Amino acid sequence: MSFFRRHGPGWWIRFFGLALLDGIVIALIPTLWEQRATVALVCILVGAAGINYIFLSSRTIPIRWLVPGLFFLALMMLWPIVFTVYIALTNWSTGNFITKDQAIDRLTEGGAYLIETEDSPLAAMYLYRDPSIPTTRLDPIADLKLLVVTDLGEFFYGSPRLRTAPAPDEPELECCVSPRVDEEHAARLGAESLAELNAVDEDGDGIPETIGGHAKLRLLDIGTVSGVLDQLVLDVPGRGQARARTFSSAVLAEQRFVYDRARDALIDRLNDDALCPAQGASFVCAERRVDPGWREFQGFDNFTRIVGDERIRTPFLRIFVWNVIFAAAVVLLQLSLGMALALTLDDRRMKGRGLYRSLLLIPWAAPGFIVILVWRGLLNPSFGPVNNQLEARWLADLSRSTWPRWLVAVALVACAAVLIWMASGMLRRRRWFATFFSLVGAAVVAWFVYKILGPGFAVRNVGIPWVQPGDWFWSKVAVIVVTMWQGFPYFFLICTGALQAIPSEMKEAAKVDGASPFQVFWKVTFPLLMVGIAPLLIASFAFNFNAFVNIFLLTAGGPPVAGYAVPFGETDILISFVFNLAVESGRGGQYALAAAATFFIFFIVATISAISFRFTRRLEEIYGSL
Amino acid sequence: MRKHWKVLVGLVLVLGLVAAACGDDAATTTAAPTTTAAPTTTAAPTTTAAPTTTAAPTTTAAAAPLLVWADETRVPIIEAVAAEFQAATGVPVQVELVGFGDIRANMVQQAPLGEGADVFIGAHDWIGELVVNGVVEPIELGGRAAEFFNVALDAFSYDGKRYGLPYAIEAIGLYRNTDLVPDAPETFEDLLAICDELGDTVDQCLALPAGGDAYHHYPFLASTGGYIFAWDGTSYDPADVGLDTAGAIAGFEFFDGLVKDGYIDPAVDYGVMTNLFYNNQAAFMWTGPWALPDVKAAVAAGTLSGYATSPLPDILDNTATPFVGVQGFMVNAFSEQKALAQTFVLDYIATVDVMTQLYEVGLRAPAHIDAFNAVAADPDVQAFGESASAGNPMPNIPEMSSVWGALGDAVQAIYTQSADAATALATAAAAVREAIG
């Protein structure tokens, strides 16, 4: 009884947790041992022992709290980073995926590099085994014989070797090596020689059922040799090697390449034993690369290539500028919309605030992959509901109006300017501020009006070209608006929370001092909100800087920009550009190059973030004491 | 306190090193061929003749299962073949469902680690990437090559070797709504005349998946003599890019005219296209046999009043040449049971029965000649078969990866009318040449 009393629930949780861990580790041991994964086995055992020690020893209590965190830090943060660094320093790409040993094995033993003669290399093959040996003790080499029958009727019979075993200098067969002769002669000769080996052909199909006590292997017994079938090689003097291709057929041909370890080169037997030295992660025969190559450590080659490559450097600045505009616009719009909604719903007089708040979370909660594809459909120029509505209600009215078009445009811009001026003017004593904003706002509205009523639009007559294929301006608008729509609930949530943390006394004090509601917002609420939110703005900027999914699914980077050597689109951001570069390179995927390029993006984002954090710290110094 | 720090740092270091070692271990040990059966020991057993043990009727015991990767449509058929194979050989076959689009990358990444499937299905245009990565094993058909269409075998050839057993051939064709258009147009002029006649009675006369889709627009490039990489009969020459040849430009100018005259709407993407056609709102649909199951479903549901298929109409008096895609079975070069895998593919998959069943689920023309003849009465097989016989296989060399984006952008440039045909194609050709270097 005292035992249970002495140990609290924590002890039991620890005990059962460790028991479970150790149980799993012990269960893993036989499997790993079988697979000869000794290093993996050792590291798992060491890790498990370490965890056991930490959680059992009373001297390691502080580390106990850190272990789970460290474990997941290593697994989910450090490991991907280390792996990306490692890849960036290699030549990992199409054609350089496998190790050098594997590549040599492919080249010297693989079926892709056989020298094929005019007669078909494919021959019938039969396996014979000593029936007196039980299956369980069958030695696939010593107890197996191979009979190969070519299309010409030649018989080759003997003991195979493992392909990894060295080839004998003078291979010997038990039967039937004959000079090339006519078919009938070969068959007769073969049958005679086989008869000398006590071959018995019971069914008379020309293939003996038993040869010298060895019985033909049935298809049902293929399982007994399946592990070594690929490894069997029968050396046929003057004809190369026979290798099993299926259970009943073999390829009789010579391998084109031999590897010369001393010179680290291949010998090309097809071309007068020419030497193919290893150069730049592959063998090179007569200045032609031989595939497959291998992956190897390359140092900083990928990084210098990115800096030095014209194809990457020229569009880089253009994409970078748009990338910054995109991320900044998205974050500002998300913040404005989120904050405006949070302020609106913060008013206690409003009914059903909980319902509205939950509904507003939908864009954020809905899976982006689906939502963006839906948006793509909504924004379709000819068939999307967005344009249908705009055309039915708004653009149609405009185009049907009897006023001259320029008058409509001027009226719209003027209205916008006045409205914005009035809104900004709510801030007293800041006339220049209001004027500036109304001018900028009017310019933006004017631009939109021009894009809608201007000449290009009338000619196309397909509605606003958001996507598919899109116009450089409207595609950018579409990408920004959709990304804003997807992310504003985040700021809505944050602002809602932060607003509740602002003491209402401050606002009341401002009101008592005679401040207007707008002044209360701009002078009290907003600065206090920003203290908490500014760091999140930077995080959001970094996040949206790499909003690959939105770009990829909505516009796929399009519409294309003409006049550059590398295909890229108006809405491509750095990460989607790098993606295309990696996938659509000259020759398959360039994963190492892409990994290196992500580092450049990381440093760009990190630099922008670091600078911004200095500003937010200043913000905190100013307003944090309030 | 200092001591704890040392312990902590040491621990992290050790774990890191061990983890790194583990990674290497997984890569090397599993990949090395298991040379377990060294013929050194066990020489004695000849004397112990009588199998005193129960000597189970010589089945399996040691045979590891064969792993097959296939997509959801084909898994049921392959499972049935697998059962047959197991009954005959005693070797179990495990069929795993992997999305068609994932098989390629999974094989490239996992096969060298000894983890890929022994047999997998795929498309012929993967071959280049798979071969240069050393992942796929040649399949020797020997005399059985005569059982298959040459175009299918050529598609699976790379540097003179065949790497797959083809089962289906596909190429785009022309669907028409038989209610609106009873007879197939022979030429593009016929088609446009029909469209003019229909006028506003349909939302979109010719529904074609617009956008940066090089695949569906290839006929405009190739029918008039354009090409992507020159083909010398055995292999493609990546140094000879034919995107900006006179023939290609002529075809693209024709395509440009269709866009300018409003016959093709740039806003119709694949989803819009199928929606229009399935709801009687389009007279023609320009796509491949993969849409057949949905088209039939639309007819059954009554939203589409009737359909028929035909080869693409002639473009500028030339027979239209679409891209031909071939699907087939391939064998993993890193498999430790390649012979068994090839036995499975050549002796159990390459039969008329299985090939016909594969047709029935996918509705793509069989690559196996006898299987094709067995189903050739089907008018859709005839139409798409005819279309494919005029087409060119998609180049299967890895350099093709630089073409999709560049050619797609050229198509987009026509849709946005931001460049004329010659400029758009010159830009694309320059981009491809630049990328290949």
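Predicted model: local features only at pLDDT ≥ 70, side-chain atom pairs only at ≥ 80, totals over all residues.
How many salt bridges are there between domain 1 of chain A and domain 3 of chain A? The count is zero.

**Stop 1: the domains of chain A**

Colour chain A by its domain assignment: domain 1 is 2-88, domain 2 is 114-255, and domain 3 is made up of 300-366 + 487-617. Then select domain 1 and domain 3 of chain A; their C-alpha centres are 38 Å apart.

**Stop 2: where domain 1 meets domain 3**

Show the residues in contact: four from domain 1 of chain A and eight from domain 3 of chain A. Together the two domains bury about 400 Å², and 77% of that area is on carbon and sulfur atoms. Next, select T84(A), I87(A) and A88(A). These three residues account for 87% of what domain 1 of chain A buries against domain 3 of chain A, more than any other three. On the domain 1 side that touches domain 3 of chain A, the classes are three nonpolar, one polar and no charged residues. Between these domains of chain A there is one residue pair in polar contact, with both residues at pLDDT 80 or more.

**Stop 3: chain B against chain A**

Now show both chains and select the residues in contact: 88 from chain B and 85 from chain A. The area buried between chain B and chain A is about 6900 Å², with 60% of it on carbon and sulfur atoms.

**Stop 4: polar and charged pairs across the chains**

How many salt bridges are counted between chain B and chain A? There are four. For one of them, select E140(B) and R245(A), whose closest N and O atoms are 3.6 Å apart. Across the interface of chain B and chain A, nine residue pairs are in polar contact, both members at pLDDT 80 or more.

**Stop 5: the elements on the chain B side**

Which helix of chain B gives the largest share of the side that touches chain A? Helix 1 of chain B does, with 12 residues.

To finish, colour the chain B side that touches chain A by residue class: 48 residues are nonpolar, 27 polar and 13 charged.

Methods
Residues numbered from 1 in each chain as written. Chains lettered and ligands numbered in written order. Heavy atoms only, no water. Contact = heavy atoms within 4.5 Å. Buried area = accessible area lost by both parts, 1.4 Å probe. Salt bridge = Lys/Arg side-chain N within 4 Å of Asp/Glu carboxyl O. Polar contact = N/O pair within 3.5 Å; in protein donor to acceptor, adjacent residues only side chain to side chain. Helix = DSSP H or I, 4+ residues; strand = E, 2+ residues; numbered from the N terminus. Nonpolar A, V, L, I, M, F, W, Y, C, P; charged D, E, K, R; others polar. Domains from an automatic or database assignment.
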